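Here is a short briefing to read with the model open beside you. Please keep the viewer handy as you go through the points.

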Amino acid sequence: MTLNSSQSEALEKFCDIIVCGRNEMVFKRCKECMENAEDEYGGIPDVLYVLSGQDTDQADPFGNVADADKQLLKQQYYFISSDAGAPDLDDFFIYIENIKAARGLSFTVNKEKFSCNDCIVEWLAELSAQLKDLYIVNFDGGSEDYHFTIMDKQDCEKAMALFGRLTTHIVGYKYSSFVITDDFLG
């Protein structure tokens, strides 16, 4: 499916806001994912994995994730993709530190409030309770995985609006994005 100019513009701006600036190679790869999508998801899951540095190896017939040296972006740096059962708590804290560094954010996480017995759902709710003037925004990827980052209110609103524009044309699956709050249940 060829993207029209409005869709292409929305994708370009969405990529730019997620990776904190212009990255032509990332935009082109994400556009390729959408234009070559062969299912009802319209390539959005692939776009979100590209943005989290977990693009597939295009030479792998099984579609496994490419090695780190073949990724266009640092893995789990600007944007996090994770299923509910992963990561472990130490990796979660590393991902949050990655987002802080990538976006130039300043906040402190009280790690004592987190438990290894919980999963990412509880951790995201607790992290949300600790953030002031920052928002955890999750983008639906057509699966049970979470695709999220941390942004200020203005960037959060822009990213959510762009994601809406980007996915509105997709028939077969209704995408959404939402802010994760301290009462998040998954």
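This is a predicted model: local features need pLDDT of at least 70, side-chain atom pairs count only at pLDDT 80 or more; totals for chains, interfaces and linings use all residues.

Residues are numbered from 1 along each chain as its sequence is written, and side-chain values use heavy atoms, with hydrogens and water left out. Helices (H or I, at least four residues) and strands (E, at least two) are DSSP runs, numbered from the N terminus.

**Helix α2**

- Helix α2 spans residues 24-35, twelve in number, and reaches 16 Å from its first C-alpha to its last, close to the 16 Å expected at 1.5 Å a residue; the expected span is 1.5 Å times one less than the number of residues.
- Its buried residues are V26, F27, R29, C30, C33 and M34, where buried means under 20% relative accessible area, exposed over 50%, and partly exposed in between (1.4 Å probe, protein chains only).
- These residues cover an arc of only 165° around the axis, which puts them on the same side of α2; the arc is that of the directions from the helix axis to the C-beta atoms.
- Turned away from that buried side, the other face of α2 carries the exposed residues M25 and K28.
- The packing partners of the buried residues of α2 are α1 (5-18), α3 (44-51) and α6 (153-167).

**How α1 meets α2**

- The two helices α1 and α2 pack at an angle of about 135°, and their axes are 10 Å apart; axes are lines fitted to C-alpha atoms, for helices over the stretch in contact, and angles run from 0 to 180 degrees between N-to-C directions.
- α1 and α2 are therefore oblique to each other, given that angles under 35 degrees count as roughly parallel, over 145 as roughly antiparallel, 65 to 115 as roughly perpendicular and the rest as oblique.
- From α1, the residues S8, L11, E12 and C15 meet F27, C30, K31 and M34 of α2, with contact meaning heavy atoms within 4.5 Å.

**Helix α6**

- Helix α6 has 15 residues and reaches 21 Å from its first C-alpha to its last, close to the 21 Å expected at 1.5 Å a residue.
- Buried in α6 are C156, A159, L162, F163, L166 and T167.
- They cover an arc of only 135° around the axis, which puts them on the same side of α6.
- Those buried residues pack against α1, α2, α3, β2 (135-139), β3 (146-151) and β4 (177-180).

- F27 lies in helix α2 and is buried, with a relative accessible area of 7%.
- Leaving out residues up to four places away in sequence, F27 touches S8, L11, E12, C15 and R22.
- F27 and L11 are 16 residues apart along the chain, and their C-alpha atoms are separated by 7.3 Å.
- V137 sits in strand β2 and is buried, at a relative accessible area of 0%.
- Not counting residues up to four places away in sequence, V137 touches H147, F148, T149, M151, C156, M160, F178 and V179.

**Positive phi in two loops**

- Most residues other than glycine have a negative phi.
- C20, in the loop between α1 and α2, is not a glycine but has a positive phi of about 60°, and it is partly exposed at 39% relative accessibility.
- D133, in the loop between α5 (120-130) and β2, is also not a glycine and has a positive phi of about 65°; D133 counts as exposed at 68% relative accessibility.
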